[in-house]
Amino acid sequence: HTCGIQSDDTLWCWGADDVGQVGDGSGADRTTPVHVGTATWKTVSAGDSHTCGIQSNNALWCWGSNFHGQLGDTTTATRTSPVPIGTATWKTVITGFDHTCGIRSDDTLWCWGNNTDGEIGDGTTTTRTTPVRVGTATWKTIGGGRFHTCGIRSNDTLWCWGYNAFGQIGDGTTGTNRTSPLQVGIGTWTAVAPGGQHTCAVDTDMTRWCW
């Protein structure tokens, strides 16, 4: 499925809707964009079968599949329309395959959902149905892969965690999952984009690196 924000800040989604990931309350697949709710939005992220977005008032909303608690609403119930996630305010949100992470307005990082491979980063492999804070650092940006996560802290250092069968964490190993953020490299970074089983990032010299 796909979601996008139009230039008037309205949210539109389309594609498969078997678990409510389109968010229009219908459960019917959509071959053209449908308007989701009446609010205006700042950002949206589409995972495998769930979606999360931040409205113009900085409130976080999620919908779709919730089998692993990836919506963060304290349940594992599927939601076919957006539901509010707590009362905090947020800067950004990303959706992985079945986990979610976001940076709050105070630059703290929070993750939730499936944690089988440590992709939440809280030092455990325990699934979380509500957001849990990841460490004590502050963060600039976050990216979600299939079963791993990477982010850039406020000091521009790069950190990754989660599934590492293919070396996507970037720590020089394969097969050793990381349940807590692990620093990658020694330089400083401006952007990171985890894929399904790999990661790419741009350092402050504007050089692109992938692993």
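How many positive and negative side chains does the protein have, and how far apart do the centres of the two sets lie? The protein has 12 positive and 18 negative side chains, with 6 Å between the centres of the two sets; Lys and Arg count as positive and Asp and Glu as negative, while His and the chain ends are not counted, and the place of a charge is taken as NZ of Lys, CZ of Arg, CG of Asp or CD of Glu.

This is a predicted model, in which local features need pLDDT of at least 70 and side-chain atom pairs count only at pLDDT 80 or more, whereas totals for chains, interfaces and linings use all residues. Residues are numbered from 1 along each chain as its sequence is written, and side-chain values use heavy atoms, with hydrogens and water left out.

View 1. Helices (H or I, at least four residues) and strands (E, at least two) are DSSP runs, numbered from the N terminus. The C-alpha atoms fill a box of roughly 45 × 35 × 30 Å along the principal axes, and the radius of gyration of 16 Å agrees with the value near 17 Å that a compact globule of 211 residues would have; the radius is taken over C-alpha atoms, and the globule rule is 2.2 Å times the number of residues to the power 0.38. Of the 211 residues, 45% are buried, where buried means under 20% relative accessible area, exposed over 50%, and partly exposed in between (1.4 Å probe, protein chains only).

**View 2. The largest nonpolar core and Trp139.** A nonpolar core is a set of buried Ala, Val, Leu, Ile, Met, Phe, Trp, Tyr and Cys residues joined through side-chain atoms within 4.5 Å. Of the 13 residues in this largest core, Cys101, Ile103, Leu109, Cys111, Trp139, Ile142 and Trp161 touch the most other members. Two or more residues each are given to this core by strand S9 (99–104), strand S10 (109–113), strand S12 (139–144) and strand S14 (158–162). Apart from it lies another core, of 11 residues, including Ile54, Leu60, Ile85 and Trp112. Leaving aside neighbours within four places in sequence, Trp139 is in contact (heavy atoms within 4.5 Å) with residues including Ile103, Asp107, Leu109, Arg153, Trp161 and Pro181.

**View 3. Cys3 in strand S1 (residues 2–5).** With a relative accessible area of 16%, Cys3 is buried. Beyond its neighbours within four places in sequence, Cys3 is in contact with Leu11, Trp12, Cys13, Trp14, Val44 and Thr51.

View 4. Most residues other than glycine have a negative phi.

**View 5. Asn114 in the loop between S10 and strand S11 (128–133).** At 5% relative accessibility, Asn114 counts as buried. The C-alpha atoms of Asn114 and His99 are 5.2 Å apart in space, although the two residues are 15 residues apart in sequence. Not counting residues up to four places away in sequence, Asn114 touches His68, Asp98, His99, Glu119, Ile120 and Thr127.
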